[in-house]
Amino acid sequence: MSGGARPTHPLLVQLAATLAERPGAAADDDGAPARAAVAVTLRPAADGVDLLLIRRAEREGDPWSGQIALPGGRWSPNDESLLHTALRETWEETGVDLAAGGLVLGTLDELRPRTAALPAIIVTPVVVALEAPVSLLLSDEVAEAFWVPLDLLRAPETSRESQVRVRGATWKVPSFVVHEHVVWGMTERILRQLLSRLG
């Protein structure tokens with residue numbers, strides 16, 4: 001990470017200031033639950049700012065199999081911190097080296113899954129800005145990765161209730177619909193936080 005560097009895009013400057021003024025709130029730690037971290041990776045684009053999303057590969061035993069997500073994963077005892085978890089997992093999943101080329105802007109509020117069918121885990125969203133172009137090199141855990149303009153997520157028609165089928169049940173959920181992708185669940189909640197910080 002670039003020590004002492006600051007983002008140059010006005011929207012990222014604003015976001016960095018907002019996150020410095022009010023860092024993400026910690027979730028209640030009721031008996032040392034599992035921990036994980038995801039990277040909210042942003043980059044300046046010709047007409048705004050883009051966000052990196054992935055589609056997880058279909059894998060038996062993965063409770064988030066096939067879903068649209070942010071790069072990230074579980075904390076490992078080898079990780080110095082949850083920030084390190086987010087950077088390591090992003091590198092492993094997408095080939096993007098945030099540790100070398102990213103500017104950490106701060107964290108959003110920690111979250112837990114809302115359903116008992118999912119693992120009891122606390123997820124820390126780490127917001128990172130990229131100033132230089134990067135190439136994607138996907139691991140076998142990731143079926144697809146793509147950049148989404150924040151302006152598209154902010155458009156009213158992108159937010160809607162969607163029907164999803166998971167673990168044998170059909171649910172109506174708040175979502176972002178981005179082209180053919182439905183972004184819902186914890187990722188949708190993290191992105192709502194991000195957009196609220198941008199005003």
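**Ground rules.** I am working with a predicted model, where local features need pLDDT of at least 70, side-chain atom pairs count only at pLDDT 80 or more, and totals for chains, interfaces and linings use all residues. Residues are numbered from 1 along each chain as its sequence is written, and side-chain values use heavy atoms, with hydrogens and water left out.

I found an open sheet of three strands in the order 8-9-10, with antiparallel pairing. Strands here are DSSP runs of E with at least two residues, helices are runs of H or I with at least four, and both are numbered from the N terminus. Two strands pair if DSSP finds at least two bridges between them. Strand 8 and strand 10 (181-183) are the edges, each pairing on one side only. Strand 9 (residues 169-178) meets strand 10 over three bridges, and I noted Val 178 with its bridge partner His 181. Helix 5 (residues 185-198) lies across strand 8, strand 9 and strand 10, at about 35 degrees to strand 9. For such angles, axes are lines fitted to C-alpha atoms, for helices over the stretch in contact, and the angle runs from 0 to 180 degrees between N-to-C directions.

Is Thr 158 buried or exposed? Thr 158 is buried, because its relative accessible area is 2%; buried means under 20%, exposed over 50%, and partly exposed in between, with a 1.4 Å probe and protein chains only. I placed Thr 158 in the loop between helix 4 (150-154) and strand 8 (159-166). Beyond residues up to four places away in sequence, Thr 158 touches Leu 152, Leu 153, Ser 175, Phe 176, Val 177 and Val 178 (contact means heavy atoms within 4.5 Å).

**Another loop.** I also checked Leu 138, in the loop between strand 6 (121-130) and strand 7 (142-149). Leu 138 counts as partly exposed because its relative accessibility is 35%.

**Salt bridges.** My search of the whole structure gave eight, each a side-chain nitrogen of Lys or Arg within 4 Å of a carboxyl oxygen of Asp or Glu. Glu 144 and Arg 55 form one, with the closest N and O atoms 3.1 Å apart. That pair links distant parts of the chain, with Glu 144 in strand 7 and Arg 55 in strand 2 (residues 48-56), 89 residues apart. Arg 43 and Asp 50 meet at 3.3 Å, N to O; Arg 43 is partly exposed at 25%, whereas Asp 50 is buried at 9%.
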